[in-house]
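Hi everyone, thanks for coming. Please have the sequence and the model open while I talk, and stop me if a term is new.

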Amino acid sequence: MPEMVIPLACMYTPLYPIDTCRLVVGDPVARGQQCQNCGAFWNIHCYREEGKFWVCLSCQRRNQMPSGYIADHPALRHETVEYILPREKGMESEPTFPAFIFIIDTCIAVEELSALKVNIIRCLNWLPPQSNVGLISFGARVLVWDLSGTALPRCYSIRGDRAYTTAELGNMLQLDNTQPVQGRFLLPLEDCEFALTTSIEGLQCNDGVTPVNKRPLRATGTAVSVAVRLLEAFNEVPEKNGAAVAGATPFTKKPGRLMLFTGGPCTRGPGTVVGIEKESMMRFHRDIIEGETPYYEAAYKFYSEVQLRLLDVNGSLTVFAESFDQIGILEMRQAVNHTGGTFICGDTFDHTMFTTSLQRYCDLCDLHVKAAESDTSGGNASCIARSGFGVKFEVHTSADTLVSGVLGPCVADEKGKEPKARHGSSPVEIGVGGTTHWRVSTMDQGVTYTVVFDTATLGKDDDKKQQQRRRFIQFVTRFNTSHGESRIRVTSVVLPIPPSTMMIGGTTTVDPRYFVEHDTFDQVCAATVLARMTVSILEKHPSKWGDAKRWLDTILVQFMRRYSTYTPGVPDSLRLRPCLALFPSFLFNFRRSEYFMMLNISPDETTFKRHWLMRESVDNCVLMVQPTLHSYDIEMPAATPVPLDSCSLRPDNILLMDAFFNIHIMWGTTIFAWIQARYQDNLEYAYFAQLLETVENEAQMLLDARFPYPRFSRTDANGSEARHIKTRMNPTTTHHSGGRATTAAADQSDVIYTDDASIVRFMDSLKQAVVSGSQNSSGSLKGR
């Protein structure tokens, strides 16, 4: 792009918590607050003449001023407002709570299954009594449990060795107008809690007859397909004699969440990822690169079809994969990512990671939010929705700005195929592009999207661009709450357009000093955007690891050439302004992170970490790439930020690392010796006990606020768990260079045994590539 090497982009959280003063009851379309031409909404930035008209900043069209206009309307005072639409005539007044279908793997150890059943029964206490619930268990066969309250538990057994059509599943489950799914397989929790609890407690392990050299027969794909069929039947319009019932009330899709609890890979039927013989290994990254994955294509295609079926019924799939081995979430990723579901991965079902993550997942469902229409106080924060169902969002921009795409959990909306919706989309597609309208089945308040813009395609019309002097962007999110309310959240922002004052190759472009002098570059956000763009490339081209790293290096070199100051041919002369100085280190750590690893990490773990990188906020994404490190010692018992470098390893300090997925406490060798000597139990050393307690409290605060619940460990500098901290550090002191110690008997805890290049060597390579001036010098930099 002529203005910047990194495209203009922003990180947007559609359901970020807002104040109740920004809630507006009423339909903005009916009240004339939406542009009749492009569909953008009036806002605080639009030009208006009282009693006459307001001008849409997206298409520059004049619109008649709404009747009953008031100057202090929330939309004219705040950049973000949320409209609560009145219910349509004839719509049901009862709230429409989502359906929860528990899909339980019974091919796990007896102890694991017992712990899982206890946690699921506890989970029922966290759901509203009106929530519709269902139960499916699976092993070699799939059991669909009837919860209608018969004297004995009853279920329908389906073979899991092949795929079934929608009609076949309907016949096997006897689904018709006289025996609908609601009232048999899906019932309100308050009506079936005893039957559901009895059925869950009666589940038995199916792994007892599996030979030691074979994997259990596990029909995961068939179980998920059956669960989707239940949601489809749950949303079917009532029919009579083959036709829709005349005079029926308007139909609204009932959202649903599939919760899959599994402890191993699918080995039978659709979605199979590995054979039953243990001598046949699960696929690894090298197998994917070389194309030696006999099950991958079929399984990926199956779950892609499941994704489309889920989107049609506003359903989402969440996978709780508690296993020491891979279970196949690489193949499931489309059905989870694009529907708004989540991956929760751990080791066992009786671990704190699983139990806490399950509870926080239910909390994020936000089913206890209060309906705004029933709130007469006008200031109840419980009216703020923390999750939405059937979400559709769109982006409106001014004439000089196009939308390249969105990076995050979503798909293009069918409305985006219309010419009007594609009008603002760029021919340069990044992520989910080619449209300005997207949709997702469910969304919580933590989901953050990256919206990438194109300012170059239409930037040739410099005269018009100079006249406008500001760029307009509006985000519109339409969603339903668990109470059946329809809401529209509108966020409108304007940005200054930098003046074009430089001539490069006969083309007028922006002086790069403008972005530096006006502090318009957010290096943390830019690093997150580039990380997501890289992950998006690897998702589309799983075997292009080397090409993706070279592309990232090329972007970094071009960026440094444009925004740094240097003397050609003199590497030491390169200088960066403070607002840019940390950007290279972010990319250095990103190149060394799990997102570029192929060894010592499975494809499932890579998929899990990519999933969270593509949905979390900027702060959390940066933690995944470049963890925070704090030091505590006797002289400075409070948390002191220290560099993510081996020089921060000292025998007399305690380190606390937060890497989002992992939180670790590491004691220096001297501190660990004091702990072993039980100094903390001696009143004379109360300050030492207080130091240990301070670190524990800081770690607990992080654990209490994190979803999913991270892996937590305590270790000494020479313990096995210390590798989790040392592998993320810049290796200033290695076994090649030696540590600070000078004698053989001295402490060597600061030494990192690795052949990875340090950031010093990386920056030397980067400086050389920047100042050389050769276009071919922006290839692969020296790093991992």
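Let's start with Arg309, which counts as buried because its relative accessibility is 18%. Buried here means under 20% relative accessible area, exposed means over 50%, and partly exposed is in between, using a 1.4 Å probe and protein chains only. Before I go on, a word on what you are looking at: this is a predicted model, where local features need pLDDT of at least 70 and side-chain atom pairs count only at pLDDT 80 or more, while totals for chains, interfaces and linings use all residues. Residues are numbered from 1 along each chain as its sequence is written, and side-chain values use heavy atoms, with hydrogens and water left out.

So what does the side chain of Arg309 meet in a salt bridge? The partner is Glu232, at 3.0 Å from N to O. A salt bridge is a side-chain nitrogen of Lys or Arg within 4 Å of a carboxyl oxygen of Asp or Glu. The pair links distant parts of the chain, 77 residues apart: Arg309 sits in helix H6 (residues 296-312) and Glu232 in helix H4 (residues 220-234). Helices (H or I, at least four residues) and strands (E, at least two) are DSSP runs, numbered from the N terminus. Glu232 has 15% relative accessibility, so Glu232 counts as buried too.

How many salt bridges does the structure hold? There are 32. Another one joins Arg283 and Asp604, with the closest N and O atoms 2.8 Å apart. These two are 321 residues apart, Arg283 being in the loop between strand E14 (256-262) and helix H5 (285-290), and Asp604 in helix H15 (residues 603-613). Both Arg283 and Asp604 are buried.

Next, look at Arg728 and Glu594, whose closest N and O atoms are 3.5 Å apart in a salt bridge. Arg728 lies in the loop between helix H19 (723-726) and helix H20 (759-772), and Glu594 in the loop between helix H14 (583-592) and H15, so the pair ties together parts 134 residues apart in sequence. Arg728 is buried, and so is Glu594. Salt bridges with shared partners also join Glu82, Glu485, Arg487 and Arg489 into one network.

Now for the nonpolar side. In soluble globular proteins, nonpolar side chains tend to be buried together. A nonpolar core is a set of buried Ala, Val, Leu, Ile, Met, Phe, Trp, Tyr and Cys residues joined through side-chain atoms within 4.5 Å. The largest one has 130 residues, and Phe102, Ile136 and Val144 are among those with the most contacts inside it. Apart from it lies another core, of 22 residues, including Tyr12 and Trp438.

On to the backbone. Most residues other than glycine have a negative phi, and most peptide bonds are trans. The bond from Phe707 to Pro708 is cis, with omega near 0°, and Pro708 lies in the loop between helix H18 (686-705) and E32. Asn600 has a positive phi, near 60°. Is Asn600 buried or exposed? At 82% relative accessibility, Asn600 counts as exposed. Arg678 also has a positive phi, near 65°, and at 49% relative accessibility Arg678 counts as partly exposed.

That's my tour, so over to you for questions.
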